[in-house]
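Here are some notes for someone opening this entry for the first time. Please read them with the structure on screen.

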Amino acid sequence: MSSDTLAKIPTASGTPEPADAPRIVPQRRYGQWAAAVVVLALLGFAVTSVVRNKAFQWDVVGDYFTSDSVLRGLWLTLWLTAVVMVLGFALGTLLAVFRLSANPVLRAVSWGYVWLFRSIPILVQLLLWFNIGALYPRVFGVRTVDLLTPVAVAIIGLTLHEAAYAAEVVRGGILSVDRGQIEAAQALGLSRWRRWRRIVLPQAMRAIVPPAGNMLIGTLKGTSIVSVIAVNDLLFSAQLIYHRTYQVIPLLMVATLWYAVVTSLLGVAQSFVEKHYARGTENAR
């Protein structure tokens, strides 16, 4: 055997390596493995505790999970969420356009609206609207208490609140579009409407969809607050039952599981919408 052959030994990849080259040993990450074992043990303990704890009364949860009163409350929650999101983003888009306008009055009005409704807690807003009859007993000749039902109060309060956040989401999405593309569209002679529809909005949606999806899920969960004004949503339906049966924990678990199911479905839908608007970019999957 020649000296050249002795000087080199083949490696696993087939590339010859000097015989005196140091051996590369992967770093042992004992701390990470130990942490993973501890986390899995704690998770298993928590799951076992929840499943085996008789106080949860899982048989009662199963009995009421698809009961008529709970499903009616779930439907009202979904309907209220959809209405609030549509109206909130419609008003929010208008406010965003005002904020980006060259008119100082429109900019000031938009800024003031966003500041005001982001400053007042949503619970306080709902209670103010619920008691608006104390300030204005009659509106258009109709008693305010007859005109503003609890559901109407919930829609008004939640919509005005969501519009303030939607305005900032839409404004941020519009500002994310490269100004050069808008100027190029102007140079091509595209009308203002076509520029918005074909250039600005498709690109702005990439930045709008993720926070809008989070707002949708947040609004779904936030509708539970309307139970304080006796709107018969999912949580209020569960409360009505456990006030009669005194089975508080299982009925709260019914509401919790339904919220978890719906938010999970919305999360899946959000991921598909994000992929749709991310087509043609490096972030598309």
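Predicted model: local features only at pLDDT ≥ 70, side-chain atom pairs only at ≥ 80, totals over all residues.

1. Helix H4 against helix H12. Helix H4 spans residues 68-99. H4 and H12 pack at an angle of about 40 degrees, and their axes lie 12 Å apart. An angle under 35 degrees would count as roughly parallel, so H4 and H12 are classed as oblique to each other. The crossing of H4 over H12 is right-handed.

2. Residues between H4 and H12. From H4, the contact involves Val70, Leu71, Leu74, Thr77 and Leu78. Their partners in H12 are Val254, Trp258, Tyr259 and Val262. By type, the residues of this contact comprise 8 nonpolar, 1 polar and no charged.

3. Helix H4 against helix H5. The axes of H4 and H5 come within 7 Å and cross at roughly 135 degrees. Roughly antiparallel would require an angle over 145 degrees, so H4 is oblique to H5. The H4 and H5 crossing is left-handed.

4. Residues between H4 and H5. On the H4 side are Leu91, Leu95, Phe98 and Arg99. On the H5 side they meet Leu106, Arg107, Ser110, Trp111 and Tyr113. The residues of this contact divide into 6 nonpolar, 1 polar and 2 charged.

5. Thr263 in helix H12. H12 covers residues 248-277, and Thr263 lies in this helix. Is Thr263 buried or exposed? Its relative accessible area is 17%; the limit for buried is under 20%, so Thr263 counts as buried. The side chain of Thr263 reaches the backbone oxygen of Tyr259 at 2.7 Å. Tyr259 is also one of the H12 residues that meet H4. Leaving aside residues up to four places away in sequence, Thr263 touches Ile217, Leu220 and Lys221.

6. Arg118 in helix H5. Arg118 belongs to H5, which runs over residues 104-119. With a relative accessible area of 42%, Arg118 falls between the limits of 20% and 50% and is therefore partly exposed. Which residues does Arg118 touch, not counting those up to four places away in sequence? They are Ala164, Tyr165 and Glu168. For Arg118 and Ala164, the separation is 46 residues in sequence and 6.4 Å in space, taken from C-alpha to C-alpha.

Notes: Residues numbered from 1 in each chain as written. Heavy atoms only, no water. Helix = DSSP H or I, 4+ residues; strand = E, 2+ residues; numbered from the N terminus. Buried < 20%, exposed > 50% of the residue type's maximum accessible area, 1.4 Å probe, protein only. Polar contact = N/O pair within 3.5 Å; in protein donor to acceptor, adjacent residues only side chain to side chain. Contact = heavy atoms within 4.5 Å. Axes fitted to C-alpha atoms, helices over the stretch in contact; angles between N-to-C directions. Parallel < 35°, antiparallel > 145°, perpendicular 65-115°, else oblique. Left-handed = near helix turned anticlockwise from the far one by under 90°. Nonpolar A, V, L, I, M, F, W, Y, C, P; charged D, E, K, R; others polar.
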